[in-house]
Protein chains: 2
Amino acid sequence: MTSEAPKRKKTVMNERWLREINWSQDGLVPAIAQEAGSGKVLMVAWMNREALKATADGGEAVYWSRSRKRLWRKGEESGHVQKVRSIRLDCDEDVILLEVEQLGGIACHTGRGNCFFRRLEDGQWVVTDPVLKDPEQIYGAGTEDADAGKGAKAE
Amino acid sequence: MTSEAPKRKKTVMNERWLREINWSQDGLVPAIAQEAGSGKVLMVAWMNREALKATADGGEAVYWSRSRKRLWRKGEESGHVQKVRSIRLDCDEDVILLEVEQLGGIACHTGRGNCFFRRLEDGQWVVTDPVLKDPEQIYGAGTEDADAGKGAKAE
């Protein structure tokens with residue numbers, strides 16, 4: 001009986017940082033993945049409480065897929081895992097910033113290094129970044145993985 | 001009569017880029033402001049169609065304040081205007097990335113350089129960045145401006 005008390009206390013203390021997050025009504029916050037070193041903003045996805053906890057515990061980015069309604073371990077199909085170096089929180093406690101090492105150098109489901117590959121120029125979105133690897137090679141052609149890969153990022 | 005046709009056509013063409021955005025149900029997208037040069041992620045706020053158009057047209061960041069339900073010209077009270085160097089769009093067309101020059105070197109309503117001034121360390125959010133200027137000096141003490149400054153960022 002008495003031996004359980006310290007354990008419970010530790011768990012409560014460990015999860016206090018999660019309660020400081022201002023989750024949206026649907027229990028999510030946006031999370032930005034920024035590449036360590038280059039400082040490039042790679043992508044933005046969503047996290048729920050479980051995803052953020054899993055990211056902190058495991059050291060690899062885990063998001064919440066809104067389209068698939070399940071945890072999405074980044075790289076689970078593509079192998080493009082994000083090793084997390086730091087987790088930051090903004091002043092309003094409603095946005096997470098991850099500093100990551102992007103394995104494979106590809107964060108985007110289009111096969112590009114990052115998701116922000118279009119820049120506004122003279123009233124048009126112009127593609128500025130090349131496809132580094134064919135998405136069909138990453139996710140497989142016509143498989144569920146391909147849909148999942150796209151859906152995961154698209155969500 | 002005939003002289004109006006080209007003008008109308010031009011307007012439609014100019015706004016095509018805005019129609020390519022996947023606005024949320026409430027007509028918003030998150031916008032990340034990243035500092036040119038340093039690559040630091042300064043803050044995240046929201047934009048509606050009008051805010052994004054005003055940002056593109058004017059070259060200074062304009063957001064939509066969800067708390068005040070009006071356009072929020074960043075720096076309108078603090079003077080901490082963001083000069084926009086580029087506007088990027090992600091693969092799902094639902095996140096904007098601004099490359100900005102941050103006037104005054106302060107993006108956050110707390111008087112810090114950026115909003116991501118807390119890092120997760122051993123299960124606690126630890127403040128890593130100093131306050132560069134007292135918010136009361138930025139917004140005025142006990143005035144509507146102070147509330148506005150906080151509300152604007154807090155929204």
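Hi everyone, here is a short tour of a predicted model with two chains, A and B.

Some housekeeping comes before the structure. Residues are numbered from 1 along each chain as its sequence is written, and chains are lettered from A and ligands numbered from 1 in the order in which they are written. Since this is a predicted model, local features need pLDDT of at least 70 and side-chain atom pairs count only at pLDDT 80 or more, while totals for chains, interfaces and linings use all residues.

How far can we trust it? The model scores ipTM 0.86 and pTM 0.86. pLDDT is the predictor's confidence in each residue, from 0 to 100. Chain A has a mean pLDDT of 87, with 81% of its residues at 70 or more. Where pLDDT is low, the predicted coordinates should not be read in detail.

Now, the fold of chain A. There are four helices and eight strands, and from the N terminus they run α-β-β-α-β-β-β-β-β-β-α-α. These are DSSP runs, numbered from the N terminus: helices are H or I with at least four residues, and strands are E with at least two. Of the 155 residues of chain A, 39% are buried. Buried means 20 or more other C-beta atoms within 10 Å of the residue's own, exposed means 12 or fewer, and partly exposed is in between, with C-beta atoms placed from the backbone.

How do the two chains relate? Chain B superposes on chain A by a rotation of 180 degrees with 0.0 Å of shift along the axis, at an RMSD of 0.0 Å. That is the relation of a two-fold axis. In chain B, Gly39(B) has the C-alpha nearest the axis, 2.7 Å away. Both copies use the same surface, as 100% of the contact residues of chain B recur in chain A.

At the interface, 34 residues of chain B are in contact with 34 residues of chain A. Among the elements of chain B that give two or more residues to this side are α1 (4-19), β1 (29-35) and β2 (41-47). The largest share, four residues, comes from β5(B).

One open sheet of six strands runs β2(A)-β1(A)-β6(A)-β5(A)-β7(B)-β8(B), with mixed pairing; strands pair if DSSP finds at least two bridges between them. Its edge strands, each pairing on one side only, are β2 of chain A and β8 (124-127) of chain B. Neighbouring strands are turned by 35 degrees against each other on average, direction ignored.

Within this sheet, β5 (residues 82-89) and β6 (residues 96-102) of chain A pair in the antiparallel sense over seven bridges. Ile87(A) has Leu98(A) as its bridge partner, and Leu89(A) stands opposite Ile96(A). The two strands form a hairpin with six residues between them, and Glu93(A) in the turn has a positive phi of about 55 degrees.

In chain A, β7 and β8 pair in the antiparallel sense over four bridges, and Arg119(A) stands opposite Val126(A).

What about the core? The largest nonpolar core has 68 residues, and those with the most contacts inside it include Ile96(A), Leu98(A), Ile96(B) and Leu98(B). Such a core is a set of buried Ala, Val, Leu, Ile, Met, Phe, Trp, Tyr and Cys residues joined through C-beta atoms within 7 Å. Leaving aside residues up to four places away in sequence, Ile96(B) touches Val29(B), Ala31(B), Met47(B), Leu52(B), Ile87(B) and Leu89(B).

Gly140(B) lies in the loop between α3 (135-139) and α4 of chain B.

How values were computed:
Least-squares fit on C-alpha atoms with pLDDT ≥ 70 in both. Contact = placed C-beta atoms within 7 Å. Axes fitted to C-alpha atoms, helices over the stretch in contact; angles between N-to-C directions.
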